[in-house]
Amino acid sequence: MSAPRPAGVSAWLPVAPCTPASCARHTGAARPPLRAALRLLAGCAWTLLGAVCAAPVRLLPRGPRMRLLRYWARGIPRAFGVRVTVRVPPYARGTGGELVVANHISWLDIPLVAAVLPGRMLAKTEVRDWPLLGPLARFGSTLFIDRDRLRALPGAVDTVAAALRSGSRVVVFPEGSTWCGRGRGGAFRPAVFQAAIDAEVPVRPVRISYGTGGAGAVAFVGDDPLAASLWRVVRAAGLTAEVRVLAPVPARAYASVPAPGEPGRRELARAARAAVLGSDRTATARTAAKARGPAKAPARTPAEAPPPTPAPAEAPAPAALPVPASAGATAPPVPAPAAATAARPSIPQTAVASDRANRPSVSVHH
């Protein structure tokens with residue numbers, strides 16, 4: 001499943017091999033057209049309500065503003081008929097910012113992440129001119145990046161780092177393009193991870209998945225029109241989405257791996273991708289090892305310290321001769337006479353290749 005790079009698109013920009021003809025389709029149960037139309041109206045009305053209320057809500061303090069944003073974002077997939085499951089393990093979030101990275105399948109990913117971890121989105125500059133979504137992005141303090149100008153990338157990284165240092169949460173889809181979710185997904189672009197390293201904030205991976213058959217219905221890939229994607233979502237019955245918040249990846253551990261700059265951010269991008277997509281065990285193990293730090297041997301207390309090895313005596317003590325015991329009985333050892341021990345010539349020991357010599361000791365005792 002591959003698609004040629006569209007004409008006029010820069011060679012360094014990510015392009016997914018997913019196309020609407022091969023990926024964006026739903027083969028499961030479908031809603032009747034009338035019910036689907038009502039779902040479409042409900043979803044568009046709820047989205048429009050957010051656009052109308054964005055300006056006055058922005059004047060509220062941060063706490064109430066974030067609660068209203070979560071409530072509004074949570075209602076978007078429900079209005080379009082998508083049931084959402086959120087799995088957030090208990091963790092203590094610090095006072096600083098964090099870089100949230102997630103896989104990208106559909107336009108539904110944006111409200112799904114905003115409902116759990118609201119923050120400042122990183123989007124391409126074209127989103128500013130989109131109808132309805134453009135004003136919402138501007139009111140939501142979205143950070144825009146010009147993907148067609150490679151020279152503007154360092155400035156965008158500095159902007160994201162400044163936002164992270166100020167304590168903001170920045171949400172990024174580092175694949176750079178939408179993937180249908182049926183394959184392994186795209187590589188995570190490493191540039192934005194440099195901002196997390198510079199700001200010394202953790203990276204928070206988020207995994208987004210859709211129920212059986214749902215990935216094809218919600219996939220918004222290639223040149224798929226937004227109207228066609230909306231209609232496909234409301235027509236598909238029983239769509240489910242799951243948002244799983246994963247353990248943070250410490251960006252500070254990658255500040256000099258193996259040297260400051262690009263190698264560290266590439267390693268961090270691979271570790272975050274392994275956490276989100278679960279496809280690189282080596283990177284996952286490397287991330288866990290960096291988080292734990294170098295292994296150290298546990299210090300022993302004086303009671304646990306091994307006893308000193310005694311110096312060998314010049315004359316060995318009289319040995320005890322074992323007496324064979326019959327089954328079920330045990331006989332005490334009888335000390336050997338000192339004279340017999342002294343008169344007995346020493347016999348050199350040789351290796352015996354026998355079955356008894358090769359048995360483990362436990363079998364001999366038994």
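# Chatting through the helices and cores

Q: Which residues in helix 2 and helix 3 meet each other?
A: Arg70, Ala73, Arg74, Ile76 and Pro77 of helix 2 meet Pro111, Leu112, Ala114, Ala115 and Val116 of helix 3. Contact here means heavy atoms within 4.5 Å. Helices (H or I, at least four residues) and strands (E, at least two) are DSSP runs, numbered from the N terminus.

Q: Before we go on, what sort of model is this?
A: It's a predicted model, where local features need pLDDT of at least 70, side-chain atom pairs count only at pLDDT 80 or more, and totals for chains, interfaces and linings use all residues. Residues are numbered from 1 along each chain as its sequence is written, and side-chain values use heavy atoms, with hydrogens and water left out.

Q: Is the crossing of helix 2 and helix 3 left-handed or right-handed?
A: Left-handed. A crossing gets that label if the near helix is turned anticlockwise from the far one by less than a right angle, and right-handed if clockwise.

Q: What about helix 1 and helix 8, how do their axes cross?
A: They come within 8 Å and cross at roughly 120 degrees. That makes helix 1 oblique to helix 8, and the crossing is right-handed. Helix 1 brings Pro33, Ala36, Ala37, Arg39 and Leu40 to the contact, and helix 8 brings Leu230, Trp231, Val234 and Arg235. By class, those residues are seven nonpolar, no polar and two charged.

Q: Which residues of helix 5 and helix 6 meet?
A: From helix 5, Leu153, Val157, Val160, Ala161, Leu164 and Arg165 meet Ala191, Val192, Gln194, Ala195, Ala196, Asp198 and Ala199 of helix 6. That contact has 10 nonpolar, one polar and two charged residues. The two helices pack at about 40 degrees, with axes 8 Å apart, and helix 5 passes helix 6 in a right-handed crossing.

Q: Is arginine 165 buried or exposed?
A: Arginine 165 counts as exposed, at 53% relative accessibility. Buried means under 20% relative accessible area, exposed over 50%, partly exposed in between (1.4 Å probe, protein chains only). Leaving aside neighbours within four places in sequence, arginine 165 is in contact with Asp198 and Ala199. The C-alpha atoms of arginine 165 and glycine 97 are 6.5 Å apart, although the two residues are 68 apart in sequence.

Q: New topic: which residues touch the most other members of the largest nonpolar core?
A: Ile208, Tyr210 and Val233, out of 37 residues. A nonpolar core is a set of buried Ala, Val, Leu, Ile, Met, Phe, Trp, Tyr and Cys residues joined through side-chain atoms within 4.5 Å. Helix 3 gives the most to this core, with five residues. Apart from it lies another core, of 31 residues, among them Ala156, Ala163, Val192 and Ala199.

Q: What does tyrosine 210 touch?
A: Not counting residues up to four places away in sequence, its contacts include Ile105, Leu108, Leu112, Val218 and Ala241.

Q: Where does glutamate 200 lie?
A: In the loop between helix 6 and strand 6. Most residues other than glycine have a negative phi. At 49% relative accessibility, glutamate 200 counts as partly exposed.

Q: Last one: is arginine 273 buried or exposed?
A: Arginine 273 counts as buried, at 14% relative accessibility. Arginine 273 sits in helix 9, and its C-alpha atom is separated by 8.9 Å from that of glycine 186, 87 residues away along the chain.

Definitions and conventions. Axes fitted to C-alpha atoms, helices over the stretch in contact; angles between N-to-C directions. Parallel < 35°, antiparallel > 145°, perpendicular 65-115°, else oblique. Nonpolar A, V, L, I, M, F, W, Y, C, P; charged D, E, K, R; others polar.
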